[in-house]
Amino acid sequence: MSTPRSVVLERLAYTLAAPVLAVAPNAYPDSPVNTVVQLAGAAGFSGWILAARSEATGAGRKILRWSPLVLASAVDIAAKTTTGWGPYWLDGLLATGWAAVGSLVLPFSRHARRRHRPALAAPAPELRPAPLPEPSPAQPDDGADQLTRQARMLWERAGMPARTHIVSATRHPAMRHDLTVLLRAMETGRPITGLSEAAVAAAFGVHESDVALTPVAIQPGRQGGPGWLEARITPDANQRRRTEPTDQERWTDRVGSPKGGAPGSVLVHKTRDHERGVTFYRAKMADSTETPRIDLAKICRGLGLPEDDSCVFVLIDGNEFLISAFDEPPLSAIFPATRDLLTPDAKGMYVCGFTITGQPVKTMVYQHDKNAPAHGLTLGVSRSGKTQFFAIHMAAQSLDGQVVWLSTVRKDEKTTVLGRYIDRQGSNALWMARSLRAAKALCEIRADMPWPHDGQPHDYKPGDPRCPYRQLNVYADEFMTAAQDADFGEFIQKDGEDLTVTGLKYGIGFNPAGQSPFAHNGFSTEMKDNLRQNSRPVIFNMGSPGATRKAAEGTMENTYDVPTIPARYSRQEGSAIERAMRGEADPENGVSTGGVAVIVLDNGRAVLMRSLYADFDTDLSELFPDEVNRLTDYEISELEKRGLWFDWNEPVRPGEFWPEPDEDDEVEGRSRRRASGGGRGSKSGGRRSEQVTSPRQALEAIKSLTDA
């Protein structure tokens with residue numbers, strides 16, 4: 001093996017340069033040769049630094065290549081520093097050693113390395129024809145494009161999952177990796193079975209969630225059916241969908257998914273009303289036969305909305321529903337009542353409030369479709385807005401020319417003010433019992449009251465100018481409390497139930513209100529059914545969603561669709577967890593929900609509204625007519641004949657509710673019981689045993705029987 005020429009020349013250069021390194025510093029210290037050697041050494045040292053800081057491979061080889069220059073500079077400095085030729089001819093020895101090391105290592109000669117030595121007598125390669133590849137059944141020669149051929153190679157490498165073959169592969173527009181692959185079974189007439197998204201994802205090296213398998217419909221010129229399948233591989237689109245989804249994609253992934261807030265739903269459109277500060281999400285069920293199953297909290301989390309009952313609402317209409325997300329609580333606004341809003345139209349309807357979407361809500365002063373008066377059912381806890389609603393409802397009835405009576409259990413400021421604008425008003429259980437008894441007697445009076453056009457009595461017809469009497473509306477505030485009164489509760493409950501059943505034929509509507517919808521508090525089943533079917537129930541805050549659903553039971557198709565009314569509207573500010581960790585109090589920014597109610601419309605759909613506001617601190621005469629509507633003289637005279645028309649604030653008259661005992665039985669103990677109301681037992685002992693509906697009434701019956 002001969003030595004390469006480059007190696008010979010390099011060794012010769014080391015041999016000739018060694019004497020120069022030894023002689024030049026000693027004989028000619030100021031010679032330019034020393035300067036050149038020092039500059040070469042500096043260049044070599046810079047090469048060392050660059051090689052050491054480089055992240056590429058081969059740093060050690062580069063440092064070795066620059067070593068001769070650095071060592072030559074070191075030898076020159078040593079020779080220049082020592083006196084003379086140095087001790088023991090050190091300068092010559094260093095130069096000789098430098099030349100010997102360079103000749104042996106040969107750092108600049110790449111050909112000196114064993115792997116780069118060319119063979120001097122290598123035989124010339126013999127050209128042979130390459131063997132032709134055997135045709136693969138997975139890649140038939142059908143003139144497919146390059147993308148299809150590459151997809152077939154990946155599919156064959158995966159072992160032809162589910163014994164299928166790739167017919168074609170189509171790239172999606174503007175996508176680098178997304179494509180659609182058309183698959184068919186390798187055996188004709190066999191359906192594709194056992195193919196999963198995971199198998200396709202493994203073949204193409206993507207995530208399983210980036211693969212979707214869909215059936216192939218039969219089209220002209222192409223087969224379809226169970227033997228064909230289409231695989232959509234969309235890693236790029238899914239990556240964008242995860243980071244920057246559209247409104248439709250966000251709804252599909254987070255709301256309409258099986259675990260979302262409205263499974264099976266699709267977003268129709270999203271709109272924004274900047275003037276009102278609200279965003280609407282209108283959606284519908286993909287299957288029109290399904291009913292929406294709404295979880296409002298999940299929907300809020302899916303859409304990135306605050307989980308706030310005061311700003312996010314849902315409205316369901318068949319298989320469609322609307323999500324309204326407000327910037328501020330919409331029902332915290334005040335809607336003042338005006339005479340224009342309270343004046344009933346030709347069908348007896350007037351505006352009683354506004355919904356969350358700003359739509360007016362109407363209720364009725366009479367039932368135009370049934371040609372009858374309207375009852376009223378108003379429920380809610382204390383300070384929820386019942387008396388405020390009474391004011392606007394009485395004003396609407398008065399504007400329609402109707403007569404209004406109002407009775408309450410206890411006297412208060414608002415009911416006293418209302419008494420100035422209506423026919424009669426009282427504030428105790430005795431007054432309520434007398435008003436209900438008089439209204440019940442009016443049914444008998446009006447049943448025999450002749451009409452002027454033919455002299456015959458007729459049933460009441462709202463709006464008929466021939467009717468000789470006005471519609472009467474009897475209000476009983478805190479009816480449940482009055483029905484449990486120890487002295488007059490039995491009469492109030494019985495007469496109220498009779499008036500609810502028979503009053504509509506004779507132009508009398510009953511409007512009870514209270515804080516409980518349960519039967520043991522005064523509401524019998526028959527009474528509740530008549531009230532609900534002949535009114536639009538208005539349910540204010542009942543204290544809990546369960547009580548609200550109970551109040552609306554029987555008036556709605558699904559009582560679980562009743563909107564929830566919180567105690568206060570309070571926006572969520574910041575993180576409750578962070579406030580707890582810092583020991584800070586929650587912000588007190590609640591807004592009262594007084595006046596917010598659920599009204600059940602004719603189709604059984606519950607609507608959340610805020611009723612109109614009647615300011616009792618101002619003059620209510622702007623809402624009521626100039627003259628108070630009264631009963632006719634004929635009706636008053638007939639009531640006087642029956643001893644039912646007088647000042648109902650008077651104490652109990654002898655024999656008014658209970659027959660007076662015989663003189664022989666008038667002993668001191670029994671007289672005291674009669675004075676306190678205990679004499680009721682002699683009047684209705686047998687009847688009470690037939691009408692016991694509560695434990696309290698049963699105890700009273702036992703006491704009357706045992707004379708306890």
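A: **The largest cavity**
The largest cavity has a volume of about 100 Å³. A cavity here is a set of points on a 1 Å grid, over the protein atoms alone, where a 1.4 Å probe fits but cannot get out. Points are joined across faces, edges and corners, and the volume is the space filled by probe spheres set on them. Rolling a probe the size of a water molecule over the atoms shows where empty space is left.

The model is predicted: local features need pLDDT of at least 70, side-chain atom pairs count only at pLDDT 80 or more, and totals for chains, interfaces and linings use all residues. Residues are numbered from 1 along each chain as its sequence is written, and side-chain values use heavy atoms, with hydrogens and water left out.

At a cut-off of 30 Å³ or more, the count is one cavity. Lining residues have an atom within 4 Å of a point, and the largest cavity has 14 of them. Nearest its centre lie Gly376, Leu377, Phe389, His393 and Arg536. Two elements each give two or more residues to this lining: strand E10 (360-364) and helix H11 (386-399). Helix H11 supplies the largest share, three residues. Helices (H or I, at least four residues) and strands (E, at least two) are DSSP runs, numbered from the N terminus.

Technical notes:
On a 1 Å grid over the protein atoms alone, a cavity is a set of points where a 1.4 Å probe fits but cannot get out, and a pocket is an open set with protein on both sides within 12 Å along at least five of seven lines; lining residues have an atom within 4 Å of a point.
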